[in-house]
Amino acid sequence: MPRASLEDSNLPVILVLLVGIGIGAQSQPPSQFRSRTVLVPVDVRVVDAEGHPVTDLNAADFTIFENDIPQPIAHFVPMSFANADRAAGAGQLPSTDAFGTAAPSHRTFVILLGRGRLNAPTHALDALIDFARTRLLPADRVGVIAYLRASELTTDHSSVARFLERYRDQHEAIEGKIDGDFLVTVLPPVTLKPDTRRAIDALFAGPGLPAFQDLPGASGTSASRYLDFSYFLRTIEHLRGV
């Protein structure tokens, strides 16, 4: 079986697994038997050692197990995420799935940066920067949300990578300032010190960065907006309207 990877690639291979589940019922007459079949979609991306997509696979190259029992593959549908403009320029139609539905011409990614030290020890921010610079397709749109500010969804992946690099270099100092503001206040509401507010504002002010907008509650002096639960709720509400 070839090595499967969750890394981004140009050609995800879509598997739909057929799982037969028998549901028996002792009723009158005893000969009655009810059963149902469940199709389980499995999305697989396969790349070689250099990270290039493997495009010549078929259903026979995969084995799917459930509880150590091999399961039959009902449908095997390769799909390409080549964008529509590029396909049209090459005289090709966008790929379709087994039901004739056109594959999307682009993907959309939103990177939500929460509180805390995010790069050490896992190098998560380094991985995101590499993803933005090398793993996205030209037509993919990507945005970033940090400290209750949301960037535009853009195909300018370099601008997103520049912001992520800026965030990696500055966010630990900002986190320390926010934590310090919480420690010096015994009772809520916790007020951000002017120096903390300036550090946050400076993170988003620089050449070649994507355009950002404030989410509801981003302005003001309260630090409570940066508590994880409140922060995520505000982000979800923003994503509902995008």
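Tutor: N67 lies in the loop between strand 3 (64–66) and strand 4 (69–71); helices (H or I, at least four residues) and strands (E, at least two) are DSSP runs, numbered from the N terminus. This is a predicted model, in which local features need pLDDT of at least 70, side-chain atom pairs count only at pLDDT 80 or more, and totals for chains, interfaces and linings use all residues. Residues are numbered from 1 along each chain as its sequence is written, and side-chain values use heavy atoms, with hydrogens and water left out.

The loop between strand 3 and strand 4 also holds D68. Phi of N67 is near 55°, a positive value in a residue other than glycine. For D68, phi is near 65°, again positive in a residue other than glycine. Most residues other than glycine have a negative phi, and most peptide bonds are trans. N67 has a relative accessible area of 70%, so N67 is exposed; buried means under 20% relative accessible area, exposed over 50%, and partly exposed in between (1.4 Å probe, protein chains only). D68 is exposed too, with a relative accessible area of 70%.

Another backbone feature is the peptide bond from A120 to P121, which is cis, with omega near 0°. P121 is found in the loop between strand 6 (108–113) and helix 2.

Helix 2 (residues 124–135) leads on to the helix pairs. Its axis and that of helix 3 (residues 157–183) come within 8 Å and cross at roughly 170°; axes are lines fitted to C-alpha atoms, for helices over the stretch in contact, and angles run from 0 to 180 degrees between N-to-C directions. Helix 2 and helix 3 are therefore roughly antiparallel to each other, a label for angles over 145 degrees, while those under 35 count as roughly parallel, 65 to 115 as roughly perpendicular and the rest as oblique. Helix 2 passes helix 3 in a left-handed crossing, where left-handed means that the near helix is turned anticlockwise from the far one by less than a right angle, and right-handed that it is turned clockwise.

The axes of helix 3 and helix 4 (residues 194–203) come within 9 Å and cross at roughly 165°. Helix 3 and helix 4 are therefore roughly antiparallel to each other, and their crossing is left-handed.

Finally, L239 lies in helix 5 (residues 228–241). L239 counts as partly exposed because its relative accessibility is 37%.
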